[in-house]
Amino acid sequence: MNTLDYHGLARMFEGAAASVLEKQDYLSRLDSVGGDGDHGTTMARAMGKVLHAVKSHESQKIATLLQEIGWAVMGVDGGAIGPLLGMMFISMAESAEGLDVLDGEALACAFEAGLAGVHAQTKAQPGDKTLLDALIPAVEALSASARAGESIAAALYCAAEAAEAGAEFTKTLQARFGRARNIGEQSIGSADPGATSIALIFKGFMKGITDHA
Ligand SMILES: [Mg+2]
């Protein structure tokens, strides 16, 4: 499979929602280390919005589905994750505007635009123990694979692996951003909840494609 169509994109998001919802309690436990323990329920609400957008969407257009998902997730309160993910998907929509299918290059461009949208929303830097520590390697791996001519499924696999490694790496980091910063060195040893959610989302993107391939 060398292009992603509307239905493939919809399956990617259904996969992401399933992947996150399965780990909702784990995400809240991670957040209880340095935060207020609500990350799992916040992400569950965000993924509920995603599923609703996918099921109710009628345009069959990639950009408008991404935009609808983005705006729905943007409005989810409970920390920064809703606005950050929302901006990511809206930025992806802008990149995919007018396209009926995404080839590898277009997919890479869309995810790079999504990452740029996240960067514009936060002052966090790589290594601060945030979702960026999973998102940056995921997008880099996806782009490298897609531009090397690998299939969409292979690119998403590479992204999922890189996101998981990035989330795992956050265990070694001390939080330097957000509420978890307050616990200092005690944040070392457990993964960042946002980075873990990114890993789950990319794993779900990959499964959403490959389970139906
Ligand atoms: Mg929280």
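Lys 171 is partly exposed in this predicted model, its relative accessible area being 29%. Its side chain forms a salt bridge with Glu 168, and the closest N and O atoms of this pair are 3.1 Å apart. Glu 168 likewise counts as partly exposed, at 46% relative accessibility. Salt bridges that share partners also occur, joining Glu 105, Glu 112 and Arg 147 into one network.

Side chains of opposite charge can pair when their charged atoms come close. The count of salt bridges comes to six, and the table sets out three of them, including the pair of Lys 171 and Glu 168.

| Salt bridge | Closest N and O atoms |
|---|---|
| Glu 112 with Arg 147 | 2.8 Å |
| Arg 176 with Asp 128 | 3.0 Å |
| Lys 171 with Glu 168 | 3.1 Å |

Glu 112 forms a salt bridge with Arg 147; because Glu 112 lies in helix H6 (residues 104–121) and Arg 147 in helix H7 (residues 132–147), the pair ties together parts that are 35 residues apart in sequence. Glu 112 is partly exposed at 31% relative accessibility, and Arg 147 is partly exposed with a relative accessible area of 41%.

Arg 176 forms a salt bridge with Asp 128, a pair that links distant parts of the chain, 48 residues apart, with Arg 176 in the loop between helix H8 (152–169) and helix H9 (193–210) and Asp 128 in the loop between H6 and H7. Asp 128 has 8% relative accessibility, and it counts as buried because this value is under 20%, whereas Arg 176, at 49%, counts as partly exposed.

Methods:
Residues numbered from 1 in each chain as written. Predicted model: local features only at pLDDT ≥ 70, side-chain atom pairs only at ≥ 80, totals over all residues. Heavy atoms only, no water. Salt bridge = Lys/Arg side-chain N within 4 Å of Asp/Glu carboxyl O. Helix = DSSP H or I, 4+ residues; strand = E, 2+ residues; numbered from the N terminus. Buried < 20%, exposed > 50% of the residue type's maximum accessible area, 1.4 Å probe, protein only.
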